[in-house]
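User: Please take a close look at the pockets and cavities in this model. Start with an open pocket, then work through whatever surrounds it.

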Amino acid sequence: MSRPFDLPIRADLVGISSYGAPQLDVAARLNVNENPFPLPDDLAAAMGAAVAAAAVGLNRYPDRDATRLRQALADYIADETGVRVPVDCVWAANGSNEVMHHVFLAFGGPGRLAITFDPTYSMYPEYARDTFTDYEAYPRTADFGIDVAAAIELILRRRPTLVLLTSPNNPTGTALPQDDIRTIAHAAREVGSMVVVDEAYAEFRHHGVPSACALLEEFPNLIVTRTMSKAFALAGARLGYALAADPRVVDAFMVVRLPYHLSAVTQAVAITALRHSGVLQAQVALLRDERDALAAWLIDSGFTVAPSDANFILFGVFEDRDAIWRALLDRGVLVRQTGPHGWLRVTVGTPAENDMFRQALVEATSADDEEGRT
Ligand SMILES: *Cc1c(COP(=O)(O)O)cnc(C)c1O
């Protein structure tokens with residue numbers, strides 16, 4: 001038998017285990033904000049054909065700069081936001097998680113600071129740790145917005161190189177007012193800081209809520225990140241992207257990305273999905289309506305609800321949210337324990353899944369629940 005060997009793992013990683021939301025095979029999986037609808041058959045078939053065509057050329061490395069895909073993303077953004085971003089200001093990678101990793105590699109690093117506002121996306125501190133970037137999270141207001149005056153004071157005093165704003169925010173669903181983003185971006189520019197607006201859920205925003213893409217022309221220090229994981233029902237394909245104000249941002253990403261980071265298969269699948277964005281937008285419209293109906297029902301039922309511009313709802317407030325979470329799971333409904341103490345987050349599912357959730361929640365919270373949960 002070989003002698004025990006102490007792996008020379010980085011000291012700051014020792015004892016840290018990887019974390020991810022449970023992937024359980026239950027009737028209603030409403031815990032990771034996926035689009036609940038399988039891809040339509042004709043779109044899946046078109047993707048299959050595109051992958052078959054790409055397969056013949058897999059002996060070669062993919063287009064390193066993903067030019068056709070970035071052009072298709074620029075066209076989509078022009079359509080979705082009315083803002084035309086030049087293709088040399090568009091970046092694509094394996095999920096917006098990888099885009100954010102590139103952001104930290106290019107603009108973070110030892111001795112540099114990234115700040116954000118909690119509660120927010122739980123992955124940001126991990127990108128900071130992996131890139132040796134200092135990270136500070138400041139509290140959001142009681143209604144999950146940002147105290148802009150305090151944020152400006154903070155930016156001028158702490159001089160971060162990265163300010164992360166998530167809008168609509170995860171896990172609260174809160175969209176930031178455009179003026180708040182503008183004011184924060186202005187202060188950040190004064191101290192030479194980049195502002196990243198994470199718009200993973202942008203397509204679910206209510207009508208009339210603008211995208212931060214509209215501010216790209218005004219602020220050279222602005223980056224907007226998006227993903228095809230949510231609205232495009234493509235979480236399994238891994239495609240995220242960024243829109244930058246300055247092409248030098250994309251040049252910097254090209255320096256830090258791994259060689260040929262985006263496979264030809266991924267590029268083919270994403271281009272095909274963008275060509276079919278019309279059918280997917282119909283699903284998004286349905287999910288928005290379901291979200292608003294679910295939020296109204298939760299409020300009518302006496303729960304507290306954070307107003308959501310995303311495809312999920314943060315609701316509560318429970319004395320023992322773990323007991324409610326478990327009682328829902330016992331009834332085949334998986335939601336997420338996240339956000340401030342006592343809140344739960346539910347992803348908007350299909351109409352049938354949302355019905356299941358409603359019924360399960362009524363049972364889980366009724367005083368005469370047979371297991372005595374309240
Ligand atoms: C889901 C999510 C993402 C998207 O991640 P992908 O890597 O693109 O799947 C990014 N930011 C936030 C806040 C999210 O909730």
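Analyst: First, the residue classes. Ala, Val, Leu, Ile, Met, Phe, Trp, Tyr, Cys and Pro count as nonpolar; Asp, Glu, Lys and Arg count as charged; the others, Gly among them, count as polar. The model is predicted.

With those classes, the lining of the second largest pocket splits into eight nonpolar, three polar and four charged residues. The space in this pocket is about 270 Å³. Its lining has 15 residues, and A54, R68, A264, Q267 and A268 lie nearest the centre. Two helices, α1 (41-55) and α8 (264-275), each supply at least two lining residues. The largest share comes from α8, with six.

Next, the domain layout. The protein is divided into domain 1 (11-41 + 278-372) and domain 2 (56-276). Their contact takes 32 residues from domain 1 and 28 residues from domain 2. The C-alpha centres of the two domains are 25 Å apart.

Helix α9 (residues 277-300) gives the most, with four residues.

The largest cavity holds about 70 Å³. It is lined by 13 residues, with S167, P168, E199, V209 and P210 closest to its centre. Eight of the lining residues are nonpolar, three are polar and two are charged.

E199 sits in the loop between β6 (194-198) and β7 (222-227). Its relative accessibility is 3%, so E199 counts as buried; the cut-off for buried is under 20%. Beyond its neighbours within four places in sequence, E199 contacts S167, S211, A212, C213, V224, T225 and R226. Of these, S167 is also among the residues closest to the centre of the largest cavity.

F144 is another loop residue, placed between β4 (134-139) and α5 (148-158). F144 has 9% relative accessibility, so it too counts as buried. Leaving aside neighbours within four places in sequence, its contacts are P119, T172, T174, A306, L314, P340 and W343. The C-alpha atom of F144 is 9.2 Å from that of A175, although 31 residues separate the two along the chain.

Last, the geometry of helix α3 (residues 95-107). At 1.5 Å a residue, its 13 residues should span 18 Å. The end C-alpha atoms are 19 Å apart, which agrees. The buried residues of α3 are G95, S96, E98, V99, M100, H102, V103, F104 and F107. Just after this helix, G109 takes a positive phi of about 115°.

Methods
Residues are numbered from 1 along each chain as its sequence is written. This is a predicted model: local features need pLDDT of at least 70, side-chain atom pairs count only at pLDDT 80 or more; totals for chains, interfaces and linings use all residues. Side-chain values use heavy atoms; hydrogens and water are left out. On a 1 Å grid over the protein atoms alone, a cavity is a set of points where a 1.4 Å probe fits but cannot get out, and a pocket is an open set with protein on both sides within 12 Å along at least five of seven lines; lining residues have an atom within 4 Å of a point. Grid points are joined across faces, edges and corners, and a volume is the space filled by probe spheres set on the points. Buried means under 20% relative accessible area, exposed over 50%, partly exposed in between (1.4 Å probe, protein chains only). Contact means heavy atoms within 4.5 Å. The expected span of a helix is 1.5 Å times one less than its number of residues. Domain bounds come from an automatic or database domain assignment.
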